[in-house]
Amino acid sequence: MVHRVRTDYGDSDPLFPSKAAAFWYAVLMAGLLAAPYLLESYYLSQLVFIMIYAIVGVALNILSGQAGQVSIGHAAFLAIGAYFTAVAQKYGVPLVLYLPLAGVFTGIAGYLVGLPALRLHGIYLAIATLAFAFIVEEIIARWESVTHGNEGLMLPPPSLFGWKLGSESFYYLCLLVTVLVILAAINIIRSSTGRSFMAIRDSETAARSMGIDTARYKTTAFALSAGITGIAGALYAHKMSFISPEMFSLAVSIDFVMIIIIGGMVSLRGAVFGAIFMIMADPLLIILKDRIPSLTEALTHALFLPDAATQAIQAGVLRVVNAPGLKSLIFGIIIIVFIIYEPMGLDGRWLRVKAYFKQFPLARQRSARPPRMFLKSERR
Amino acid sequence: MTFFDVKNLTVKFGGLTAVDDVSFGLNEGEVFTIIGPNGAGKTTLFNLISRLYTPSAGQIIFRGEDVTRLSAQQIAGRGIARTFQNIELFESASTLQNLLVGRHRHSTTRPWQDILRTKKVREEEVAHRRAAEEVMDVLRLQRYRDTTIGALPYGVRKVIEVARALCVGPTLLLLDEPSSGLNVEETNAMAEWILEINRRLRVTVLMVEHDMSLVSRVSDRVLALNYGKMMAIGTSAEVQGHPDVIAAYLGA
């Protein structure tokens with residue numbers, strides 16, 4: 001074990017845990033800044049999606065990971081941010097104004113959704129947020145004078161100070177917003193507000209007895225989380241350059257919950273890992289799908305199977321690979337596997353791998369296992 | 001003006017009167033203990049005082065102010081802190097973070113200031129940290145500073161809960177069975193700490209306790225409850241010698 005000697009309380013919760021960490025984040029940042037010059041436009045576009053999802057992941061981390069409140073209606077906040085952006089842009093509001101305003105506006109919506117959260121817990125809260133998402137979707141579809149209903153809305157490319165943003169400059173805008181959102185989230189988590197969220201999550205009774213106004217902090221968590229998602233919605237609208245109600249369906253909300261389940265709810269790093277997974281899983285599955293027929297062919301040849309058998313196997317494999325809903329099945333299995341075997345998500349796995357190399361060659365599998373508990377923590 | 005007064009406090013859950021017309025007063029600086037058999041209404045009384053429950057009738061007066069209708073968080077804001085019989089710590093957080101939550105009422109920053117981590121936030125964080133460290137010094141908890149509560153033994157958690165309540169900066173500390181689940185050694189240490197908190201930090205202590213040796217060692221006065229009613233009030237020896245108390249405990 002390494003114990004750092006600290007000489008004053010001012011540095012008790014620094015932005016970077018160590019100089020080495022600061023160095024590696026700087027390297028990552030340099031890589032991300034150079035990305036438009038290194039990557040093909042397809043991968044740059046994927047990076048933008050990852051950043052938008054990461055912002056939503058951060059929003060959900062604050063709400064679910066920190067404050068312990070469930071939401072399966074976050075697509076609605078994304079929609080509110082996106083439509084706010086489309087309308088604001090139509091009326092000639094500049095980007096520097098409507099981007100933060102999208103956050104504020106969605107934050108107010110989040111505050112209102114947070115009000116029922118004061119009385120609801122767990123599954124009931126989940127259902128309430130789900131209902132909210134359906135209501136928002138329906139309103140967008142019906143309010144044709146503003147939203148053009150199911151026809152959707154086209155967005156012209158974003159412009160900053162009269163300068164049209166191309167895909168590369170838009171990438172830098174997304175990067176800037178992502179970094180700012182993550183910094184804001186870190187500051188919240190290491191402050192009195194963040195500790196109050198944590199207190200509400202772990203024991204509401206104790207939180208109240210410590211003087212925490214649980215009602216106020218729950219709505220604050222909802223407003224913050226919604227506001228951040230609204231900003232992601234603004235970026236999303238520009239990225240897609242066309243928005244319509246079905247882009248903000250239940251499936252999207254579930255995608256968002258998967259970000260933090262797969263990534264891990266404990267830290268913000270989890271939100272980023274989860275976003276990478278959710279965005280990159282699709283293209284990886286497609287690549288895999290293209291390879292499988294030739295792989296099976298090679299396999300059947302290697303086994304010297306008769307032609308008839310080869311054809312039958314090929315047909316079977318193709319049917320499975322092209323079956324509709326295969327992706328959902330795979331994602332479903334992944335979620336179940338994560339919940340059972342890695343409740344801390346990719347982030348937990350990351351920490352263990354890191355600990356393994358730190359302790360090498362002394363690391364033992366058992367030391368990574370959480371201690372057994374016989375108190376309240378176990379019963380949860 | 002008395003320091004803390006409970007007047008004719010009553011609470012009914014359906015047909016059950018859990019606390020029935022209880023009245024007592026605390027002098028500033030004393031250690032006052034409530035004893036009684038299981039189900040006597042001791043913890044209910046505590047929950048009434050810390051306003052987790054709402055009384056059906058009666059009044060609670062703290063330093064001349066009627067606090068009967070305040071919310072639980074406002075009670076903490078007035079300087080009344082409590083611990084719980086079954087430990088209500090924030091288990092996924094470290095000891096230090098638990099203590100810092102206790103400092104909540106001293107924090108004056110708004111969420112937007114927290115987001116920007118303004119100078120004021122940074123200064124307050126240092127002040128909170130210093131206060132938490134001082135409490136850790138008193139209760140010798142430094143070695144558990146960064147350990148997650150879930151990984152600590154029960155006896156230590158019990159002390160951490162007292163520490164967290166002290167971080168609130170209370171003038172009145174409510175301890176709900178501070179020695180339950182502790183062994184003899186830990187109980188002795190707890191008794192020393194209660195005395196130290198009372199004498200050195202000048203905190204008035206109201207506690208519920210079963211361990212009579214601990215009760216007689218630290219209490220200035222004792223109140224005995226049974227079936228929500230007051231049986232006896234006085235010094236530890238007086239109450240233990242009271243015929244009704246003996247009858248309630250021995251079932252005679």
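Let me start with strand β7 of chain B, residues 172-176. Five of its five residues are buried, so the strand is largely enclosed by the rest of the structure. Keep in mind that this is a predicted model.

Which way do the side chains of β7(B) point? B:Leu172, B:Leu174 and B:Asp176 point one way, B:Leu173 and B:Leu175 point the other way, and all of them are buried. Note that B:Asp176 is on that list of buried residues.

Now the neighbours of this strand. Strand β6 of chain B, residues 80-82, pairs with β7(B) in the parallel sense, over three bridges. If you want a place to look, find B:Ala81, which stands opposite B:Leu173 in β7(B). Strand β8 of chain B, residues 204-208, also pairs with β7(B) in the parallel sense, here over five bridges. In that pairing B:Leu174 stands opposite B:Leu206 in β8(B). How does the chain cross from β7(B) to β8(B)? The path goes through helix α7 of chain B, residues 184-199, and this β-α-β crossover is right-handed.

Next, the other strands of chain B. An open sheet of four strands has the order β2-β1-β4-β5, with antiparallel pairing. Its edge strands are β2, residues 16-26, and β5, residues 65-66, each of which pairs on one side only. Inside this sheet, strand β1, residues 4-13, is joined to β2(B) by seven bridges, and the two run antiparallel. One pair to look at is B:Phe13, whose bridge partner in β2(B) is B:Leu16.

Then there is strand β9 of chain B, residues 221-226. Strand β3 of chain B, residues 31-35, pairs with β9(B) in the parallel sense over four bridges. There, B:Ile34 has B:Leu223 of β9(B) as its bridge partner. Strand β10 of chain B, residues 229-234, runs antiparallel to β9(B), and five bridges join the two. In this pairing B:Ala224 stands opposite B:Ala232 in β10(B). What lies between β9(B) and β10(B)? They form a hairpin with two residues between them, and B:Tyr227 in the turn has a positive phi of about 50 degrees.

On to domains. Chain B is divided into domain 1, which takes 1-79 and 170-252, and domain 2, which takes 92-163. The C-alpha centres of these two domains of chain B lie 27 Å apart. Nine residues of domain 1 of chain B are in contact with seven residues of domain 2 of chain B. On the domain 1 side, the elements that give two or more residues are α2 (72-77) and α7 of chain B. The most comes from α7(B), with three residues. How many residues does each chain give? The contact takes 35 residues from chain B and 29 residues from chain A. On the chain B side, α2, α3 (95-102), α4 and α5 (119-139) each supply at least two residues. The largest share, five residues, comes from α5(B). By class, the side of chain B that touches chain A has 16 nonpolar, ten polar and nine charged residues.

That leaves chain A, where I will show one helix and one residue. The helix is α7 of chain A, residues 167-189. At 1.5 Å a residue, its 23 residues should span 33 Å, and its end C-alpha atoms are 33 Å apart, which agrees. The buried residues of α7(A) include A:Phe170, A:Tyr171, A:Cys174 and A:Val177. Further along, A:Asn187, A:Ile188 and A:Ile189 are also among the buried residues of α7(A).

What do the buried residues of α7(A) pack against? In chain A they pack against α1 (19-38), α2 (41-66), α8 (192-202), α10 (214-240) and α12 (268-302), and in chain B against α4 (111-116).

The residue is A:Ile276, found in helix α12 of chain A. Is A:Ile276 buried or exposed? It is buried, because 20 other C-beta atoms lie within 10 Å. A:Ile276 and A:Phe49 are 227 residues apart in sequence, but 8.9 Å apart in space, C-alpha to C-alpha.

How values were computed
Residues are numbered from 1 along each chain as its sequence is written. Chains are lettered from A and ligands numbered from 1 in the order in which they are written. This is a predicted model: local features need pLDDT of at least 70, side-chain atom pairs count only at pLDDT 80 or more; totals for chains, interfaces and linings use all residues. A residue is buried if 20 or more other C-beta atoms lie within 10 Å of its own, exposed if 12 or fewer, and partly exposed in between; C-beta atoms are placed from the backbone. Two strands pair if DSSP finds at least two bridges between them. A crossover is right-handed if, with the strands pointing away from the viewer, the path from the first strand over the helix to the second runs clockwise. The expected span of a helix is 1.5 Å times one less than its number of residues. Two residues are in contact if their C-beta atoms, placed from the backbone, lie within 7 Å. Domain bounds come from an automatic or database domain assignment. Ala, Val, Leu, Ile, Met, Phe, Trp, Tyr, Cys and Pro count as nonpolar, Asp, Glu, Lys and Arg as charged, and the others, Gly among them, as polar.
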